[in-house]
Amino acid sequence: MDAIAAAQALSEIGYLLRQDPEERFRAKAFSAAAWSIALERPDLDALQRTNGFTTLEGVGPGIAKVLTDLIEHGESRYLERLREQMKQPAREDESALDLAEYQGDVHSHTRWSDGRATMLEMAQGARALGYRYLGITDHSPRITVVNGLDAERLLAQSNEMAEVQRQVPDVTLLQGIEVDILEDGSLDLPDPVLEILDVVIASPHVRLRQDASAMTQRMLRAVSHPHVDVIGHPTGRRPGSREGATYDFEAVFREAARHGVAIEIDCDPARMDLSPEMARLAYECGCSFTLDADAHAPAEFAYVPMAMWMPRRAGIPTDRILNFLPVEQLTRRFD
Ligand SMILES: [Zn+2]
Ligand SMILES: [Zn+2]
């Protein structure tokens with residue numbers, strides 16, 4: 001078993017444990033171990049032979065036992081048991097997705113808002129992974145705590161982007177925004193600003209517990225907006241700590257599909273939004289997807305390989321995930 005497959009199994013365990021508040025810390029430990037393995041990609045067979053799993057960062061005896069099981073049997077009995085407990089048995093129709101074909105990440109942050117790395121560092125991180133493009137999508141002004149970008153700062157950012165693009169020519173940088181979906185479904189930046197950006201991700205961040213009918217109207221308005229390309233982390237949930245928004249998902253997904261607006265699977269272990277079950281519903285409603293790390297530092301790009309089990313489990317094929325498209329086709333999609 002390769003490191004990425006093992007990281008996905010640990011990631012899924014972390015995800016399932018998160019549903020139980022009492023398992024919060026163990027859940028985080030599994031997610032952290034999955035992340036470190038996805039980053040380092042160690043030779044797990046060699047470590048197994050030398051009993052060396054606990055030399056890996058974040059791997060204690062409990063997680064080492066799960067890794068041993070994975071290497072020896074090709075699966076984890078612990079994971080199987082958790083799936084049974086959570087009534088999420090493996091399904092026959094999981095899709096096959098090849099990480100090697102993943103072209104780039106649409107959703108990332110830099111120090112322009114709440115990221116912890118510069119745009120150059122993020123671009124270099126994307127290049128190190130062989131990505132062909134990277135969407136730089138910092139926050140819009142409403143999110144004042146993170147210094148969201150207005151039109152003036154977006155213009156300044158585009159100057160920096162031109163310079164970074166010169167330094168990292170093999171990764172096409174897409175200038176975008178993660179624009180807030182306001183309470184009434186309007187967006188936190190004026191249309192002429194959204195129009196010139198390469199990618200517009202509209203995300204719900206506040207007032208997630210609006211009543212379902214108001215929330216449905218809010219989301220329907222957002223997916224109908226002519227400049228929106230993607231709905232970011234569509235429920236805003238934080239598994240184990242914050243319930244996300246509830247709305248008429250089917251109506252919103254159908255409308256998104258009709259407008260060619262992609263639905264995001266945000267791979268940040270603290271979000272994992274949409275869930276596999278909800279992603280399956282969106283798929284059945286005809287939606288396309290983006291599979292993004294929502295990275296705030298280059299190391300967080302590894303969230304995508306970790307979470308690849310989610311779209312697989314949802315049965316979503318490669319041709320419904322925009323990150324598998326060559327950059328020319330992607331930008332045409334986002335036109
Ligand atoms: Zn967000
Ligand atoms: Zn984000």
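A search of the whole structure finds 19 salt bridges, where a salt bridge is a side-chain nitrogen of Lys or Arg within 4 Å of a carboxyl oxygen of Asp or Glu. Before I go through some of them, a word on what we are looking at: this is a predicted model, in which local features need pLDDT of at least 70 and side-chain atom pairs count only at pLDDT 80 or more, while totals for chains, interfaces and linings use all residues. Residues are numbered from 1 along each chain as its sequence is written, chains are lettered from A and ligands numbered from 1 in the order in which they are written, and side-chain values use heavy atoms, with hydrogens and water left out.

Let me start with arginine 77, which forms a salt bridge with aspartate 69, the closest N and O atoms being 2.7 Å apart. Aspartate 69 is buried, with a relative accessible area of 8%; for the record, buried means under 20% relative accessible area, exposed over 50%, and partly exposed in between, with a 1.4 Å probe and protein chains only.

Aspartate 69 is also one of the buried residues of H4, among which are Ile63, Val66 and Leu70. Helices (H or I, at least four residues) and strands (E, at least two) are DSSP runs numbered from the N terminus. Helix H4, residues 61–73, has 13 residues and reaches 18 Å from its first C-alpha to its last, close to the 18 Å expected at 1.5 Å a residue, the expected span being 1.5 Å times one less than the number of residues. Its buried residues pack against helix H1 (3–18), helix H2 (24–40), helix H3 (44–49) and helix H5 (77–85), and H4 is followed by glycine 74, whose phi is positive, near 75°.

Now to a second salt bridge, between aspartate 184 and arginine 221, where the closest N and O atoms are 3.5 Å apart. This pair links distant parts of the chain, with aspartate 184 in the loop between E3 and helix H8 (191–196) and arginine 221 in helix H9 (residues 212–224), 37 residues apart. Aspartate 184 counts as partly exposed at 45% relative accessibility.

Arginine 209 lies in the loop between strand E4 (199–203) and H9, and glutamate 243 in the loop between E5 and H10, so the pair ties together parts that are 34 residues apart in sequence. Glutamate 243 is exposed, with a relative accessible area of 58%.

Turning to the sheet, seven strands form an open sheet in the order E1-E2-E3-E4-E5-E6-E7, with parallel pairing, and two strands are taken to pair if DSSP finds at least two bridges between them. The edge strands, each pairing on one side only, are strand E1 (104–105) and strand E7 (289–292). Strand E2 (residues 133–139) pairs with E3 over seven bridges, and threonine 137 stands opposite glycine 176 in E3.

Which residues are the protein donors of the zinc ion (ligand 1)? They are Glu178 (OE), His205 (NE2) and His233 (NE2), lying 2.1 to 2.2 Å from it. Donors are N, O and S atoms within 2.8 Å of the metal (3.2 Å for Na, K and Ca), and water is not among the atoms, so sites may look incomplete. Glutamate 178 bridges the zinc ion (ligand 1) and the zinc ion (ligand 2), which lie 3.5 Å apart. Glutamate 178 lies in strand E3 (residues 172–180) and histidine 233 in the loop between strand E5 (230–231) and helix H10 (249–259), so the pair ties together parts that are 55 residues apart in sequence.

Terms used: Contact means heavy atoms within 4.5 Å.
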